Amino acid sequence: MPPDEETAGETGGGLVARTPVTGGVLWRLPAAGEAAAEAAVTAAAEAFLGWRTVPAPRRGALVKRLGELLTEHQEHLADLVTVEAGKIRSEALGEVREMIDICEFAVGLSRQLYGRTMASERPGHRLSESWHPLGVVGVISAFNFPVAVWAWNTAVALVCGDTVVWKPSELTPLTALACTALLDRAVAETGAPPGVHRLVPGGREAGARLVDDPRVALLSATGSVRMGREVAPRVAARFGRCLLELGGNNAAVVAPSADLDLAVRGIVFSAAGTAGQRCTTLRRLIVHEDIADRVVEGIVRAYGNLPVGDPFAAGTLVGPLISPRAGRAMADALARAVAEGGRVLAGGEPLPVRYAADEKGAAGGTGNGTEGSEEAVYVRPAVVRMPAQSAVVREETFAPLLYVLTYRTLEEAVALQNGVPQGLSSSIFTRDQREAERFLAADGSDCGIANVNIGTSGAEIGGAFGGEKETGGGRESGSDAWKAYMRRATNTVNYSDDLPLAQGVSFL
């Protein structure tokens with residue numbers, strides 16, 4: 001997951017929206033502090049009292065309208081994602097499409113918040129479970145998916161009867177303002193209470209209010225492991241719930257039976273897509289020693305042909321890193337890898353970039369002044385052959401940096417895959433069904449996501465998203481992830497004239 005961002009976009013009590021495309025300043029806006037966050041939680045808590053009683057299908061109408069507005073404005077939203085996060089056009093459009101998809105999923109979910117009925121051991125009794133709205137959901141999102149992760153949480157939370165307070169990344173406040181404006185419009189048009197969603201574009205103080213406020217029933221936070229270690233105990237201390245999406249040091253295994261052309265294509269997208277700034281980015285490649293040279297040769301050849309540059313330019317496949325800090329982190333990791341016996345096979349060098357015509361406002365003009373601008377950072381994705389899973393390989397560097405390791409047996413490959421603190425995404429490329437099934441078995445990959453013959457990134461909204469170990473254990477998006485946003489009640493109804501006790505207990 002992304003590095004800590006507490007002060008990355010803050011200066012002098014305000015937020016500075018920059019574009020990594022040029023490093024220039026886009027706009028400056030006030031930063032919401034603790035008082036603003038307190039007011040937002042208060043409004044959300046008050047709105048919850050009425051929103052929880054609205055029938056779920058009517059709550060779904062709000063999310064349906066949001067999805068329609070997102071569809072109507074998807075081109076403009078994608079422009080903002082590219083400007084603020086640096087994603088290439090197709091990936092920016094894909095992120096907005098993901099928002100629309102989760103709205104469609106949540107609308108269907110609004111008629112499927114199922115409980116269950118169980119057999120009671122007592123005659124004349126009915127035993128069942130039901131699900132009810134939980135309360136205020138706090139959402140703290142990161143720069144790399146500035147809108148999709150918010151939508152995962154918000155669309156599902158709203159149909160579950162919860163209200164939402166959103167603290168976006170300090171690096172991407174403009175996308176947050178745009179999404180909130182569309183949701184506010186949907187709220188007004190559908191007659192939902194205005195307080196069902198509140199935006200808090202601020203820094204550490206605003207985030208701390210969401211962490212510590214007992215009215216925030218669930219805190220969904222995306223960020224670094226360090227952030228998670230700080231947040232989780234504080235939420236637990238007030239008996240709140242956490243949904244954490246943290247570090248992801250993802251690996252792919254390439255077996256001797258793999259379709260190598262397919263594997264190389266999957267590896268290159270997973271490792272270099274989004275300039276290596278996805279939580280599911282492929283960071284470790286574990287290749288059977290008999291085919292390692294061929295696989296590495298294919299990856300190095302593909303990397304040499306990857307167009308790196310202005311994400312608005314046609315044909316660009318790798319855009320900028322989010323900040324100079326990210327560039328320094330990549331350079332430091334490369335130096336450490338070499339010091340630990342690694343050999344850089346390709347990439348890693350910074351690149352000058354020529355910008356496309358300034359049609360989107362990303363190149364050239366900088367909103368309200370150039371003071372506070374930073375250097376734009378473009379790098380060629382790197383491949384490093386490592387002798388073993390050393391210290392640097394066990395750490396996540398949020399940049400396009402791929403470590404290559406080799407293995408001899410599948411057991412060794414699984415041990416290498418599992419031998420890191422993080423547990424988000426994993427994959428194996430193989431045409432041997434036994435290898436595939438063993439990788440997916442209980443003693444195979446220990447990640448929350450385990451794929452066969454695709455890379456580690458590109459999850460669909462239909463499945464629950466999240467990971468184990470230092471990734472935090474949270475689940476968002478599809479499947480039954482909705483249960484995190486609701487509370488469960490076990491109900492026993494006695495429709496008999498007697499009062500038998502469970503387990504045969506006799507009393508009075």
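Q: What makes the pair R234 and E230 a salt bridge?
A: In this predicted model, the closest N and O atoms of R234 and E230 are 3.1 Å apart. A salt bridge requires a side-chain nitrogen of Lys or Arg within 4 Å of a carboxyl oxygen of Asp or Glu, so R234 and E230 form one. Both residues lie in helix α8 (residues 225-237), four residues apart, about one turn of the helix; helices are DSSP runs of H or I with at least four residues, numbered from the N terminus.

Q: Why is R234 called partly exposed?
A: R234 has 29% relative accessibility. Buried means under 20% relative accessible area, exposed over 50%, and partly exposed in between (1.4 Å probe, protein chains only), so R234 counts as partly exposed. E230, with 26%, is partly exposed too.

Q: Are E170 and K167, joined by a salt bridge, buried or exposed?
A: Both E170 and K167 are buried. Their closest N and O atoms are 3.4 Å apart.

Q: Which residues are linked in a network of salt bridges?
A: The network links E34, E38, R209, D213 and R215.

Residues are numbered from 1 along each chain as its sequence is written. Local features need pLDDT of at least 70, side-chain atom pairs count only at pLDDT 80 or more, and totals for chains, interfaces and linings use all residues, while side-chain values use heavy atoms, with hydrogens and water left out.

Technical notes
Helix = DSSP H or I, 4+ residues; strand = E, 2+ residues; numbered from the N terminus.
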